[in-house]
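Visitor: I would like to learn how to read a structure like this one. Please take me through the features in turn.

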Amino acid sequence: ASGSGTTGNIPGWTFASNLTGADIIGVATVTATKNSCTSAPMVFNITLKAQPVLTNPGAQSVCAGQAVSITWVTNTPGSVISWSNDNSAIGLGIGPSTGDISFTTASNVTGIPVTGNITATATRNGCVSAAVNFAISVQPTPVLTQQVDITACPSATHSTINFVTNADPETSYVWNVTNSAALGLASGSGTTGNIPGWTFAS
């Protein structure tokens, strides 16, 4: 409330916020006077330590078996980063742990994303940042349902071959067939979810 006074004390106060990344130092100087006689000055520092601000790396979406590397950034160099993960199925330990995050995601053939939620804080000189939260999602690896081999006589017809995976309906496909013209197919390749029905060549 005030930076000076003539009372016998400095009233108690609540320190201000300090997100500047550097300590803020105030120098207090005090003298005592009695019967017009003044003491030598007493000097001491009042330091408002910097509170770390941890940058949120944002949501991560990766494939199974992919390397993940997260390097933390704060406004206060030398901060210690502590983090935890709520789902070890992504391939990362639960923690709590400290430092940067580096791991290879686990296999995921469930057909749906597997997500771990990360919570992290930064600490420097006893001051702790606000927590940051973000998700690491391991996307599923599609597993194709095996199509049985097809055998037919010349001029026979065959219905559409529909592809199926454990990750449908959001799966995209790329296919090709060798000797397609000789077999009677209209096309030997495609990016659709099926091979259209056809009549075998005669």
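Guide: We go from the whole chain to single residues.

Guide: This is a predicted model, in which local features need pLDDT of at least 70, side-chain atom pairs count only at pLDDT 80 or more, and totals for chains, interfaces and linings use all residues. Residues are numbered from 1 along each chain as its sequence is written, and side-chain values use heavy atoms, with hydrogens and water left out.

Visitor: How many helices and strands does the chain have?

Guide: Helices (H or I, at least four residues) and strands (E, at least two) are DSSP runs, numbered from the N terminus. Here the count is 1 helix and 18 strands. The radius of gyration is 33 Å, well over the 17 Å that the globule rule gives for 202 residues, so the chain is more spread out than a compact globule. That radius is taken over C-alpha atoms, and the rule is 2.2 Å times the number of residues to the power 0.38. The C-alpha trace spans about 125 × 25 × 20 Å along its principal axes.

Visitor: What share of the residues counts as buried?

Guide: Buried means under 20% relative accessible area, exposed means over 50%, and partly exposed is in between (1.4 Å probe, protein chains only). Of the 202 residues, 24% are buried. Accessible areas come from the Shrake-Rupley method with a 1.4 Å probe, and for residues only the protein chains shown count as cover. The chain exposes about 12,800 Å², of which carbon and sulfur atoms supply 55%.

Visitor: Which residues form a nonpolar patch on the surface?

Guide: A patch is made of residues with over 30% relative accessible area and no salt bridge; like charges are joined within 9 Å, and nonpolar side chains (Val, Leu, Ile, Met, Phe, Trp, Tyr) within 5 Å. In this chain Ile10, Trp13, Phe15, Val30, Met42 and Phe44 form one, with about 560 Å² of accessible area together. Met42 belongs to strand β4 (residues 42-48) and is partly exposed because its relative accessibility is 47%.

Visitor: How many salt bridges does the structure hold?

Guide: A salt bridge is a side-chain nitrogen of Lys or Arg within 4 Å of a carboxyl oxygen of Asp or Glu. The structure has 1. It pairs Asp23 with Arg124, with the closest N and O atoms 3.8 Å apart. The two partners come from distant parts of the chain, 101 residues apart: Asp23 is in the segment before β1 (24-30), and Arg124 is in strand β10. Asp23 is partly exposed at 33% relative accessibility, and Arg124 is partly exposed at 22%.

Visitor: What is Ser79 in contact with, leaving aside its neighbours within four places in sequence?

Guide: Contact means heavy atoms within 4.5 Å. Ser79 meets Pro52, Thr74, Ala122, Thr123 and Arg124 on that basis. Ser79 sits in the loop between β6 (67-70) and β7 (80-85), and its relative accessible area of 17% makes it buried. A polar contact is a pair of N or O atoms within 3.5 Å; within protein, one must be able to donate a hydrogen and the other to accept it, and residues adjacent in sequence count only if both atoms are side-chain atoms. The side chains of Ser79 and Thr76 make such a contact at 2.5 Å.

Visitor: Is Pro77 buried or exposed?

Guide: Pro77, in the loop between β6 and β7, is exposed, with a relative accessible area of 69%. Between the C-alpha atoms of Pro77 and Trp175 there are 52 Å in space, and the two are 98 residues apart in sequence.

Visitor: Where is Asn108 placed?

Guide: Asn108 is in the loop between β9 (101-104) and β10 (114-124). Asn108 is buried, at 3% relative accessible area. Its side chain joins that of Thr110 in a polar contact of 2.6 Å and reaches the backbone oxygen of Ile112 at 2.9 Å. Not counting residues up to four places away in sequence, Asn108 touches several residues, among them Ala64, Val138 and Pro140.

Visitor: Which residues does Asp168 touch, not counting residues up to four places away in sequence?

Guide: They are Phe163 and Tyr173. Asp168 is in the loop between β14 (161-162) and β15 (175-176), partly exposed at 32% relative accessible area. A polar atom of the Asp168 side chain lies 2.9 Å from the backbone nitrogen of Thr165, and a polar contact of 3.1 Å joins the side chains of Asp168 and Thr171.
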